[in-house]
Amino acid sequence: DELSYVKDETAIPSLLKKAKDDKIETVWDRALAMQPQCGFGEMGVCCTNCSMGPCRIVKISPDGPKKGICGATEDTIASRNFARSVAAGSAAHSDHGRDIAEALHYAAEQKRPIKDEKKLRALAEEWGIQTEGRSVEDLASKVAEKALNEFGKPFGHLQFVERAPQKRKEIWESMDVTPRAIDRDIVEVLHSTHMGCDADYRNIITAAVRAALSDGWGGSMIGTELSDILFGTPVPHEVEANLGVLKKDCVNIVVHGHEPTLSEALVLAVNDPDLIEAAKQEGAQGINLVGMCCTGNEVAMRHGIPMAGNFFQQELAVVTGVVEAMVVDVQCIMPSLPQVAKCYHTKLITTSRKAKIPGAVHMEFDEKNSVECARKIVLEAVMNFKNRTDNVLVPEEKVTGRIGYSVESIIRALDGITNTFAHQSGTVKPLVDAVKSGVLRGVAAIVGCNNHRVPADQSHVLLAKELIKNDVLVVTTGCGAHACIKAGLMSEDAVKLCGKGLATCCELLKVPPVLHMGSCVDISRILQLLAIISKYMNVDIKDLPVAAAAPEWMSEKALSIGTYAVASGIYVVLGVTPQITGSENLTKYLTSDMENIYGGRFEIESDPIKAAHKILDHIEVKRKQLDI
Ligand code: BF8
Ligand code: SF4
């Protein structure tokens, strides 16, 4: 049946069996051992914000406390917890963005290559930086400096706010949520949710919205734009995906985490003839670099490096027994990895001072000296090849898909038909025309993680299939993108799964029905695309027949993304219930009231097929309102 088909696509069952035989504990074992999970935490009504606590609100019986020791209600406690998660998510994305800005600064200083000069000049102009007569290095340095100032400037608002449609900016102004400076907006959430500060759940969520917008229209957008400038803007190309991309006869290096600074340097190092020769001396055929999670997306999008897998495949990659080194930086790296690695020969190499893990080898990555650092890491992997044992299993699952859909490449693909029909090029007109005519019903984003509450990848894939079947174009990022490519949804054949309208569009544009737009930070590309479409149609983002879903989300970053999407006017379906249900008021605020304010809201729906139909209904409502 369909479900077992989806499960097989993940390459998980065979490796889980091996893990069991090898007596390796995985995320699934630990999830089972954790049952039943704490009901207070699940509902968001446990507070540890001060040492009079922990306090918890008893919901299931009339007895038991209904207020914290300080008097905080369930609304206050649940909203504070939610807001703090959003702030942490925004911090993670934004600190990533800051690191990229720093990398651009050092690249300029050291006169290292800057790949997309056109984009650099365009951004400099957008930010009011004098471009005439300036060298690339000089401009890059000015753009980097301006980006770094976005984190702590004392006055004004974030520059990327200007990318939003006018009506959207007015809504933000009226709610006083226009993001000002990224660090400041995040700090304000931590301050206002401190013990004895903000107790009004609506006001707490307003602060969370500002911090989230600082992520989407700030830190993440800086991360994406400056990564493109420094490392190149993705263009469409073929890539292989799933754990079958590991090669038995090569030194396998898995790069896992998020920031492209490390992975870009590794891409250079694995092509170093001396290191390849060293690998051959050790008896390997060569060096095979593959990517995992969002770092995997970054290097796949820019270099066609194979996408080894997503969040729930990280332990299993080590279980294959053929990974000489797993090199990690920040975010979504399971602390269990050194334990798994210990049972094989794999070296787990941490590289960021922000993320050390007991049991791992720490080789700190220094952006100022990136190439040398990467070379050392690769050499460490090469020298480990001889320690491999016979206990190996490389799964057969491996598929090919077409990826690389930056906003620029989507518009270029659209130009393909624009030219045919002699329209002006470089616009979203063909896409808007297709939506207006009804050939395409709308666009939906499927993003986010894996979560033990959902069979890995299943909700991503079922949701995507149901949407494309109903003529909705899907864009995807993060671990959702891995799930979709593994299920074949980025291959030519995927057109067979589409409704007639979408199939025609895909054939005309030569694109798959599910477009890979990058890592989670690159959800800023989706914001940018929607902003361009809104401005072209002279409507607000909330008026567009679009929606988003995070069917298997788990991270605080996903909560920040969901919140900035809602505050940008987007209907967002969560497949996993957030820890808010202990407060009916907060739940209602997030899933209903916010729509009256921002035009977007959260929906909670764990069934992917039902979620698809809620999205389809939403899209039809928006179409009707637009009279199309
Ligand atoms: O930022 S989708 S599990 S890897 S949080 Fe993490 Fe979730 Fe994957 Fe990338 Ni995004
Ligand atoms: Fe308890 Fe209030 Fe302290 Fe939270 S802030 S732990 S509710 S006393």
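**View 1. Strands E3 and E10 pair in the antiparallel sense.** In this predicted model, strand E3 (residues 237–241) and strand E10 are joined over five bridges, where two strands count as paired if DSSP finds at least two bridges between them. Strands (E, at least two residues) and helices (H or I, at least four) are DSSP runs, numbered from the N terminus. Thr400 in E10 is the bridge partner of Glu240. Strand E10 (residues 399–403) is mostly covered, with four of its five residues buried; a residue is buried if 20 or more other C-beta atoms, placed from the backbone, lie within 10 Å of its own, exposed if 12 or fewer, and partly exposed in between.

Residues are numbered from 1 along each chain as its sequence is written, while chains are lettered from A and ligands numbered from 1 in the order in which they are written. Because the model is predicted, local features need pLDDT of at least 70 and side-chain atom pairs count only at pLDDT 80 or more, whereas totals for chains, interfaces and linings use all residues.

**View 2. Domain 1 touches domain 2.** An automatic or database assignment sets the domain bounds, which give domain 1 (74–231), domain 2 (243–387) and domain 3 (406–626). Nine residues of domain 1 are in contact with nine residues of domain 2, contact meaning that the C-beta atoms of two residues, placed from the backbone, lie within 7 Å. On the side of domain 1 that touches domain 2, helix H5 (74–109) and helix H10 (201–231) are the elements that give two or more residues, and the largest share, seven residues, comes from H5.

**View 3. Gln331 and Asp627 have positive phi values.** Most residues other than glycine have a negative phi. Gln331, with phi near 70°, lies in the loop between strand E7 (323–328) and helix H15 (337–342), and counts as buried because it has 24 C-beta neighbours inside 10 Å. Asp627, with phi of about 65°, is found in the segment after helix H25 (608–626), and counts as exposed because it has 6 C-beta neighbours inside 10 Å.
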